[in-house]
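Please have a look at the sequence and the model first.

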Amino acid sequence: MDETRNDIHCTAEENEASLSEGMPEEELLFDLADLFKVFADTTRVKILYALMEKDLCVAHISQAVGASQSAVSHQLRVLKQAHLVRFSRDGKNVIYSLADDHVFTILSQGMNHICE
């Protein structure tokens, strides 16, 4: 057992007070947990990585990630609901892109973290 841990003395009241000051509201924590759940699917992560390169239609995303267009469309709905991708129309085509630079940053930081 780590002996240095024995030197730490605090009361439950001190600990609770210091934690509650910096803790976000419960609803925000719930939303954050939901956001991270979206990244728990490999196909969705592949789609996001494909969109890091350039904006793509469903057919090209499907080719890039090796999944059916139906599967990609389903995952794109989840990503849209999480505000991670956006779309625009180009005639009959629907073109998808990352919603903003935050998505790029989340993916990059995640990859940096696991590669360390």
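Residues are numbered from 1 along each chain as its sequence is written, and side-chain values use heavy atoms, with hydrogens and water left out.

**Confidence**
- The mean pLDDT (the predictor's confidence in each residue, from 0 to 100) of the protein is 89, and 83% of the residues score at least 70.
- Helix H1 (residues 12-22) has the lowest confidence, with a mean of 66, whereas strand S1 (residues 56-57) has the highest, at 98.
- Helices (H or I, at least four residues) and strands (E, at least two) are DSSP runs, numbered from the N terminus.
- Where pLDDT is low, the predicted coordinates should not be read in detail.

**Helix H6**
- The 15 residues of H6 (residues 101-115) should span 21 Å at 1.5 Å a residue, and the end C-alpha atoms are 21 Å apart, which agrees; the expected span is 1.5 Å times one less than the number of residues.

**H3 with H4**
- The axes (lines fitted to C-alpha atoms, for helices over the stretch in contact, with angles from 0 to 180 degrees between N-to-C directions) of H3 (residues 42-53) and H4 (residues 58-65) come within 9 Å and cross at roughly 115°.
- Lys 46, Ile 47, Ala 50 and Leu 51 of H3 are in contact (heavy atoms within 4.5 Å) with Ile 61, Ala 64 and Val 65 of H4.

**H4 with H5**
- The axes of H4 and H5 (residues 69-81) come within 9 Å, crossing at roughly 105°.
- On the H4 side, Val 58, Ala 59, Ile 61, Ser 62 and Val 65 meet Gln 69, Val 72, Ser 73 and Leu 76 in H5.

**H3 with H6**
- Here the axes come within 11 Å and cross at roughly 115°.
- Val 45, Leu 48, Tyr 49 and Met 52 in H3 meet Val 103, Phe 104, Leu 107, Ser 108 and Met 111 in H6.

Conventions: This is a predicted model: local features need pLDDT of at least 70, side-chain atom pairs count only at pLDDT 80 or more; totals for chains, interfaces and linings use all residues.
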